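Please read the points below alongside the sequence and the model.

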Amino acid sequence: MATASVSSTDDIRDRALAALAHCGAELAAFKGDALAARTPVTGDDLFGLRADSPADVDRAVEAARTAFRTWRTTPAPVRGALVKRLGELLAEHQHDLADLVTIEAGKIRSEALGEVREMIDICDFAVGLSRQLYGRTMPSERPGHRLMETWHPLGVVGVITAFNFPVAVWAWNTAVALVCGDTVVWKPSELTPLTALACSALLDRAAADTGAPAHLNQVVLGGYGTGERLVDSPHVPLVSATGSTRMGRAVGPRLAARFARSILELGGNNAAVVTPSADLDLTVGAAVFAAAGTAGQRCTTLRRLIVHEDVAETVVERLTRAYRRLPVGDPFQDGTLVGPLVNEASYARMREGLDRATAEGGTLVVGGERELTTAAPRASYVRPALVRMPAQTAVVREETFAPVLYVLTYRDLDEAIHLHNDVPQGLSSGIFTSDQSEAERFLAADGADCGIVNVNIGTSGAEIGGAFGGEKETGGGRESGSDAWRAYMRRATNTVNYSGRVALAQGVDFSQ
C-alpha cells in the first residue's frame, strides 16, 4: 500500500530553513548556483548553493592545519569536553537534524532520528575514549631500559561521506578524530549539503562554548573535483571515504601514491543464511527491515537471502505477504516504512538490475513498480522487490543500491557459506538458526568472510561500540568503536635508557 499524498515542496523548504536556523547555520553564506540542495520527497530543488574551488579546499585544509597545531597539545580529556558539548547540542537539536536527514536523504522519521541518535552515542563513546588512549609498556631485553608505545595526534583528517548516512558517518569519524587530537575537513555528498552545514554550525558552537580553537571542522561543498582536491592534499595524512567501490578504486591509489592513510567504507552485497532450525517469525521480521529499510539504500542492506530448500517456500511466501503490505510513501507521514529512492538514477539502476535478473533466469515475485506517480511525479517511490534466483548469477554478485532482495536456496551449510562468500564484497552478514553448532560454524575462521558477522540479527543496524567496516572490495577500513581510534593517531615506539651506559640490542658490541 502507498500513502495518497506527499508534503509540498514549499512546506519542505520552510521546514529546512527552520531547522538550519535552529542549528545556527547561515544559509546565505553558501548561496550560489553551482549545486542544488534537493529533496527526494518531491524530487524538487530547494536552494542553490555554491561549490568550493580548489583554492577554497586548500584554504580549508590550511585552516584545519593551523588549528591542529594548538589542538594536538590540548590534553585529551579537555578535547573530550568539546565532544561532550557537541553531544549535548546534537541531543538538543535532534529533531532539527532528523528533519534535514529526511528532507535530503528521504529517510522515514524513525530512521532519521535513529541516525541522529548514533551521533549522540558516538560522542558519549568518544568522551570516555578521551581518557583511554592507552599505549603499552613492553619488557626490554636490555637492563636499565624501558620500552613503551605512545600514541600521538595524526593531523588533518579528510572525511568524505555518502548521501545515505549524511550525518552519522561524519560523527563516527569526527568525534573520534577530535578526541585523538586531530582536526577535520568534511566533504559531504553533493546530495546532502544542508545536513553538513547544520552539523558544522553545531560543532562551531560547541567549540565556542568550551573555549576550543576555531576551525577544528571545515566543510567543503562540491562534487568529484572537490573530493579529488582533498584526497590529493599533501597536508591531509588520513582520508576516511564512504561510497561505492568505484569511488574507492579512484581514492585508494591516489592516497597510496602519496603514502597517506585511508579508511575506505565501500560497497556491500550483504547476505543472510536461513537454516531449517531458524525462528521464521524473527527471520522474516529482521529480513524485511534489513532489505527494505532506507529504501534499500544502506551499505549494510540485505541483498541476498540464502535459504535452506526445506523452508524456502515458506520463507518466500511470508516475505511476499510482508512486501505487499509495506507502507510506501512520504517519509514525514506516520506509518510510512519505505520512503523514496534518492533520485531517478537510482530507480533506473534498480530497473536495470531487475531486468538483468529475469534475463539470467530469475523470477520477480513481488515489487519493482513505481508508487505515488500522480502525487509526486518527479520523485522515485518504488515498492521493494523480491526475486527468486536459480543460482548466484552475475547480477546477484553485484551491488544494486536499491531495495532488491535475491532469494537463493541451498542444501547444506558448507554450500550456504560458499554462496555467501562467493561475491567480491565483504561488509555485513548474518545467519538465522537455533542450532549452536551452525552459529559457531558461521562465526569461525572458515565461515563468513565479512567484517560484521551476526547471529539471529539482520545485516543492518550496527552498534557504535563495535568497529564498523568490511573486507575485500568493501575496503578494509574500520570506523566508530572498539580500537578504530588507532587509525586516527600515529604510534611511536620509545626506548628510555636509565642505566647510565650504552647497551646495544641483540648483544651487539661496538666497544673499542
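1. Helices (DSSP runs of H or I, at least four residues) and strands (E, at least two) are numbered from the N terminus. The model is predicted, with local features needing pLDDT of at least 70 and side-chain atom pairs counting only at pLDDT 80 or more, while totals for chains, interfaces and linings use all residues. Residues are numbered from 1 along each chain as its sequence is written, and side-chain values use heavy atoms, leaving out hydrogens and water.

2. The second largest pocket has a volume of about 370 Å³, and among its 18 lining residues F30, S200, D204, N217 and V219 lie nearest its centre. A pocket is an open set of points on a 1 Å grid where a 1.4 Å probe fits, with protein on both sides within 12 Å along at least five of seven lines, and lining residues have an atom within 4 Å of a point. Helix α7 gives the largest share of this lining, five residues, and β7 (217-219) also supplies at least two.

3. Helix α7 (residues 193-210) also packs with α3 (residues 76-92), at an angle of about 130 degrees and with the axes 9 Å apart. The contact (heavy atoms within 4.5 Å) includes L86 and L89 of α3 and L203 and A206 of α7.

4. The largest pocket has a volume of about 1300 Å³; of its 41 lining residues, G243, S244, R246, M247 and R349 lie nearest the centre.

Notes. Axes fitted to C-alpha atoms, helices over the stretch in contact; angles between N-to-C directions. Points joined across faces, edges and corners; volume = space filled by probe spheres on them.
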